[in-house]
Amino acid sequence: MLGEALRLIRVFHDRKQVDLAENLGISQSHLSDIERGAKTPSQDLVAKYAEVFDLPVSSIWFFDEQLSSGTSIKAIDRARGVIADKVLDFLRIIERRRKVS
């Protein structure tokens with residue numbers, strides 16, 4: 001979920017993967033792997049991402065499913081997952097509308 005959120009934030013801001021990767025100081029293939037969920041971004045990289053897009057770091061970590069994976073799942077963690085899914089759905093709608101225009 002975190003990689004998808006990072007991808008949608010990039011798309012929302014009309015940034016090309018290659019340009020953002022250069023700005024973050026990583027390769028385009030590494031950014032692609034993160035956005036596809038094949039790799040997990042470091043805390044430092046998430047902080048850079050937050051700086052580039054002028055977002056609170058906590059807003060990005062909100063989408064990290066690893067934060068809620070513990071021995072017991074609480075109602076608040078399930079609610080957070082539902083909310084995160086809805087926010088991602090909303091960002092996907094925006095993405096589709098931008099492709100049409």
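Helix α2 passes helix α4 in a right-handed crossing; the term means that the near helix is turned clockwise from the far one by less than a right angle, and left-handed means anticlockwise. The model is predicted, with local features needing pLDDT of at least 70, side-chain atom pairs counting only at pLDDT 80 or more, and totals for chains, interfaces and linings using all residues. Residues are numbered from 1 along each chain as its sequence is written, and side-chain values use heavy atoms, without hydrogens and water. The protein has 6 helices and 0 strands. Helices are DSSP runs of H or I with at least four residues, strands are runs of E with at least two, and numbering starts at the N terminus.

**Overall make-up**

- From the N terminus on, the order of elements is α-α-α-α-α-α.
- The protein has 101 residues, and 37% of them are buried. Buried means under 20% relative accessible area, exposed means over 50%, and partly exposed lies in between, for a 1.4 Å probe and protein chains only.
- Take the contacts with a separation of 6 or more: residues 24 or more positions apart account for 56% of them. A contact means heavy atoms within 4.5 Å.

**α2 against α4**

- α2 covers residues 17-24 and α4 covers residues 43-53. Their axes come within 10 Å and cross at roughly 115°.
- Axes are lines fitted to C-alpha atoms, for helices over the stretch in contact; angles run from 0 to 180 degrees between N-to-C directions.
- The two helices are therefore roughly perpendicular to each other. That class spans 65 to 115 degrees; under 35 counts as roughly parallel, over 145 as roughly antiparallel, and the rest as oblique.
- α2 contributes Leu20, Asn23 and Leu24 to the contact. α4 contributes Leu45, Lys48, Tyr49, Val52 and Phe53.
- By class, the residues of this contact are 6 nonpolar, 1 polar and 1 charged. Ala, Val, Leu, Ile, Met, Phe, Trp, Tyr, Cys and Pro count as nonpolar, Asp, Glu, Lys and Arg as charged, and the others, Gly among them, as polar.

**α2 against α3**

- Helix α3 spans residues 28-36. The axes of α2 and α3 come within 8 Å and cross at roughly 105°.
- This makes α2 roughly perpendicular to α3.
- On the α2 side, the contact uses Gln17, Val18, Leu20, Ala21 and Leu24. On the α3 side, it uses Gln28, Leu31, Ser32 and Glu35.
- The residues of the α2 and α3 contact divide into 5 nonpolar, 3 polar and 1 charged.
- Val18 sits in α2 and is partly exposed, at 42% relative accessible area.
- Val18 and Leu31 are 13 residues apart along the chain, and their C-alpha atoms are separated by 8.5 Å.

- The whole structure holds 1 aromatic pair. Rings of Phe, Tyr and Trp (its six-membered ring) pair if their centres lie within 6.5 Å; planes under 30 degrees apart count as stacked, over 60 as edge-to-face and the rest as tilted.
- Tyr49 and Phe53 form this pair, which is tilted, with 5.1 Å centre to centre and 40° between the planes.
- Both residues lie in α4, 4 residues apart, about one turn of the helix.
- Tyr49 is buried at 2% relative accessible area. Phe53 is buried too, at 7% relative accessibility.

- Helix α1 (residues 2-12) is mostly covered, with 10 of its 11 residues buried.
- The buried residues of α1 are Leu2, Gly3, Glu4, Ala5, Leu6, Arg7, Leu8, Ile9, Arg10 and Val11.
- Asp14 lies in the loop between α1 and α2. Its phi is near 55°, a positive value in a residue other than glycine. Asp14 is exposed, at 59% relative accessibility.
- Asp54 lies in the loop between α4 and α5 (57-61). Phi of Asp54 is positive, near 55°, and the residue is not a glycine. Asp54 is exposed, with 69% relative accessible area.

**Gly81 in α6**

- Gly81 is placed in helix α6 (residues 75-100). Its relative accessible area is 23%, so Gly81 counts as partly exposed.
- Gly81 and Phe63 are 18 residues apart along the chain, with 7.9 Å between their C-alpha atoms.
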